[in-house]
Amino acid sequence: AENLLCRLQENFEAVTEKLTLRNIFFGTWEVIFNFLLEEMGEHISDLEKHVADLMTEAGVENSDEDL
């Protein structure tokens with residue numbers, strides 16, 4: 001019975017370690033993904049501003065529907 005209890009404890013510890021590592025892995029990817037989305041959003045906003053500036057320089061009337 002003691003041997004069985006030791007094996008159960010070892011299995012429990014192994015599963016706990018795997019779950020902890022999985023949570024760290026997915027948590028890290030979530031942070032990276034959110035950062036990349038934010039960066040992409042900033043680049044799109046910059047691009048929209050540059051397009052609007054170019055349209056103004058070219059004398060094209062600018063409206064939100066055009067973008």
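Me: How many aromatic pairs does the count come to here?

Reply: Two aromatic pairs, going by this predicted model.

Me: What makes Phe 25 and Phe 26 an edge-to-face pair?

Reply: Start with the distance: the ring centres of Phe 25 and Phe 26 are 5.2 Å apart, and rings pair if their centres lie within 6.5 Å. Then take the angle: the planes are at 75°, and over 60 counts as edge-to-face. Both tests are passed, so the pair is edge-to-face.

Me: And why is the pair of Phe 25 and Trp 29 called edge-to-face?

Reply: Here the centres are 6.1 Å apart and the planes sit at 70°. The cut-offs are within 6.5 Å for pairing and over 60 degrees for edge-to-face, so Phe 25 and Trp 29 get the label as well.

Me: What separates Phe 25 and Trp 29 along helix α1?

Reply: About one helical turn, because they are four residues apart in α1, which covers residues 2–58. Through the ring pairs, Phe 25, Phe 26 and Trp 29 are linked into a cluster.

Me: Is Phe 26 buried or exposed?

Reply: Exposed: Phe 26 has a relative accessible area of 51%, and exposed means over 50%.

Me: Then why is Phe 25 called partly exposed?

Reply: Phe 25 comes in at 45% relative accessibility. Buried means under 20% and exposed over 50%, with partly exposed in between, so that is where Phe 25 lands. Trp 29, at 47%, counts as partly exposed too.

Me: How do you know that the length of α1 agrees with what a helix should span?

Reply: Just check it end to end. At 1.5 Å a residue, the 57 residues of α1 should span 84 Å. The end C-alpha atoms of α1 are 84 Å apart, so the two agree. Just after α1 comes Gly 59, with a positive phi of about 80°.

Me: Why does Glu 42 count as partly exposed?

Reply: Its relative accessible area is 41%, which falls between the 20% and 50% limits, so Glu 42 is partly exposed. Glu 42 also lies in α1. Glu 42 and Ala 14 are 28 residues apart in sequence and 42 Å apart in space, C-alpha to C-alpha.

Me: And where do the charges sit relative to each other?

Reply: The mean positions of the 4 positive and 16 negative charges are 22 Å apart.

Notes:
Residues are numbered from 1 along each chain as its sequence is written. This is a predicted model: local features need pLDDT of at least 70, side-chain atom pairs count only at pLDDT 80 or more; totals for chains, interfaces and linings use all residues. Side-chain values use heavy atoms; hydrogens and water are left out. Lys and Arg count as positive and Asp and Glu as negative; His and the chain ends are not counted. The place of a charge is taken as NZ of Lys, CZ of Arg, CG of Asp or CD of Glu. Rings of Phe, Tyr and Trp (its six-membered ring) pair if their centres lie within 6.5 Å; planes under 30 degrees apart count as stacked, over 60 as edge-to-face and the rest as tilted. Buried means under 20% relative accessible area, exposed over 50%, partly exposed in between (1.4 Å probe, protein chains only). Helices (H or I, at least four residues) and strands (E, at least two) are DSSP runs, numbered from the N terminus. The expected span of a helix is 1.5 Å times one less than its number of residues.
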